[in-house]
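Work through the following exercises with the sequence and model at hand. Each task is followed by a stepwise solution.

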Amino acid sequence: MLKRYGQSLGQPLTIWFEGKPVQAVEGESVAAALLTAGIKYLYHSQVSAKPRTPYCWMGSCYECLLVIDGEQNQQSCVINVRDGMH
C-alpha cells in the first residue's frame, strides 16, 4: 500500500471508486489515490481474470486501465484526480 509522506501541497478532494468515496489530494494520479486509499487491485485481466495493479507508472504497460467518468480504457497512472470524478 502506498502512503502519503509529509505535507501535501494539494487540496484534499473526493473521488468515487465502485460507488464508494475515496479521499485524494489535488495533483496526484487516480492510481496513486486509489492505492493510497488501500485499494490493492484496480481491475482484473480479461484473459486470465487475475487481479491487476499499476506497474510502470508512466502509461506504457496498460496495467492501470479504468473507466473514468464514463470513458473506458483510461490509464489511471497518468490521469490526475479531479473532485467528484468517478
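**Exercise 1.** State which residues line the second largest pocket, and which elements supply them.

Step 1. I15, W16, F17, E18, V30, L34, L42, L66, V67, I68, M85 and H86 form the lining of the second largest pocket. A pocket here is an open set of points on a 1 Å grid over the protein atoms alone, where a 1.4 Å probe fits, with protein on both sides within 12 Å along at least five of seven lines; lining residues have an atom within 4 Å of a point.

Step 2. Two or more of these residues come from each of β1 (12-17), α1 (30-36) and β5. Helices (H or I, at least four residues) and strands (E, at least two) are DSSP runs, numbered from the N terminus.

Step 3. The model is predicted: local features need pLDDT of at least 70 and side-chain atom pairs pLDDT 80 or more, while totals for chains, interfaces and linings use all residues. Numbering starts from 1 along each chain as its sequence is written, and side-chain values use heavy atoms, without hydrogens and water.

**Exercise 2.** Describe the surroundings of Q74.

Step 1. Q74 belongs to strand β6.

Step 2. Beyond its neighbours within four places in sequence, Q74 contacts (heavy atoms within 4.5 Å) C64, L65, L66, I68 and I79.

Step 3. The C-alpha atoms of Q74 and C64 lie 7.9 Å apart, with the two residues ten apart in sequence.

Step 4. Q74 counts as partly exposed because its relative accessibility is 22%, where buried means under 20%, exposed over 50%, and partly exposed in between (1.4 Å probe, protein chains only).

Technical notes: Contact means heavy atoms within 4.5 Å.
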